[in-house]
Amino acid sequence: MADADTARLCTEIVRSVFGPLTATVASVLLTHGRLGLPQLIRFSKLKPRTVRAAILVLVQHNLLWHAQSEDEGEVFEVNIDECLMRLRYGRYVWLAEQLYGKSGADIVQLVLDHGKLRPPDIISQLSIYDPLKAPVMLTQTLHKLVEEAYLKPSTLLSHQSPREKLIRYEAEEKRKISGFPTAKELRQAKEVAQARLQREEEEAEQVGMKRKAKDHSHKSSKRKAVEEDVEVNDEVYFRVNCERFNVHIRNKLIETTASERYNECAGAVLRATLKATESKQRKLSDVRSDPTSFANVAMHLPDDVNLAAGLVLQSSKKPPTMTLIKEYLGILASADNPTPAGRAASFVSLGGSKVQVEFEIIARRLQRRVLEAVARERHGDEGVRIIRLLLDTGMMDEKQISKTGMMAPKDVRPLLSTMSAESLVSLQEVPKSADRNPTRMFYLWYEFVDLQKASTVHLRNLYKTLYNVAARRQAEQEEPNLKAVLEKRQRSDVSQDEERLLTRNERELLAQWEKKREKLTVLEMRVEEAVFILRDLGAFAINDD
């Protein structure tokens, strides 16, 4: 069961794509939690045929999980993460075009439009206008997308709720423990269950590629050499692997952060370091990248980048490129500050002639920046000062915060109370005596011990903003005058000659609408970036808890 803001946003996403009837079914599941078909029909007040059709649509587009319950039979549950990923589908298509050209973008777009498809269906639909040359090129591009895990098989396991299976596996592991289980044994049982679930998912996704044997006969020998070749399995349905595309979004975000922190040349060196190991980066939960050599980084560096322009050199003679790369990697690794503070501010780590990108350190720093931005917007510089003070020093009482932060005591107490109500800070009670009398207690403020709770609170606010943006766009689009002009522009004759068949007032109205839509899209992208940092990159904080 999702909270109110997440449920409203997911319902709006489903409504904008699949219509109001399917959105009604999704809203019932988001509000009431997982339900069986009879309960779903009763709560939605729709015809059974309509509910079944909506379930088929949601399952086809990977928005619905099903599980087998002993009490209720088969029940359905909304895949909230997959629903929220639909906000990034446009970016996924753009990334596919950057990586594999227009054919890659067309394949990803078609699979996103249909939820899941088999390779013959993909090739037949995209090769209508060029049935001779297109199938060969599309087959090659599809093979690359599957091989690089941008498309993954849609198996029976991917339609079952992983939470349900994880709970069952944990219960099986706990039953193996004799006596009263300790905290260590419970933690080990949870780890074994997670490893078992991950192993099952990896084994299920291996059905996407199959091996084909080719026999080659040689005149000089009677033996036949058998050569194994890998090809895409035509009988398997494929879906888009969102996490693989999210890796590129993370890398671009890291590169932009480095460019803002230092300069464009440092960002180019970090981009080359990421590209050197990009083929092995499959999950966002990786703590750091695989080690790569300085020479490999130099190979992925563009030829037109002038690294000397970003450094102040002592001599007028330009140093070798490898020397400049080592200088930039030393800066990114904070080699001049070998302290915990320096490591917390680094982007990479150096070990001999190898370099690794520290994803976990960068993600924590990005999360801190987002939360500081929220505090600055709501509480000004004083709120940011308190957050940084508590993050650096730990627990402090009001007097210590007032003294160390150089703030008036009369301003600190109401500010801390307001920030506590917004889950920016938390309060810890430390009793002086065993009776826990409130008058004999220390009250210490601290910052984000429970990172999962804090991220959840701020994510709800961001989901509320995303819903408001979508609702505003829909309300603007439903305005009677604009709606009439948009319907007129969709006519085939008008779309071919808008300048002559649309009046000046209609063209001005369309121009105003385009500006509003552009502003709303930019706002949506900024909020979605903050969601990506707190939710997708927040996996490290959740795992620590």
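Predicted model: local features only at pLDDT ≥ 70, side-chain atom pairs only at ≥ 80, totals over all residues.

Residues are numbered from 1 along each chain as its sequence is written, and side-chain values use heavy atoms, with hydrogens and water left out.

**Exercise 1.** Find how many disulfides the structure holds, and check C83.

Step 1: A disulfide is a pair of cysteine sulfur atoms within 2.5 Å. The structure has zero of these.
Step 2: C83 is in no disulfide, and the nearest cysteine sulfur, that of C10, is 3.9 Å away.

**Exercise 2.** Is C83 buried or exposed?

Step 1: Relative accessible area decides: buried is under 20%, exposed over 50%, and partly exposed in between (1.4 Å probe, protein chains only).
Step 2: C83 has a value of 2%, so C83 is buried.
Step 3: C265, at 12%, also counts as buried.

**Exercise 3.** Work out where S334 and M406 lie, and look at the phi of each.

Step 1: Helices here are DSSP runs (H or I, at least four residues), numbered from the N terminus. S334 sits in the loop between helix 14 (321–332) and helix 15 (340–344), and M406 in the loop between helix 17 (398–404) and helix 18 (409–421).
Step 2: Most residues other than glycine have a negative phi. For S334, phi is positive, near 55 degrees; for M406, phi is also positive, near 55 degrees.
Step 3: S334 is buried at 9% relative accessibility, whereas M406 is exposed at 71%.

How values were computed:
Helix = DSSP H or I, 4+ residues; strand = E, 2+ residues; numbered from the N terminus.
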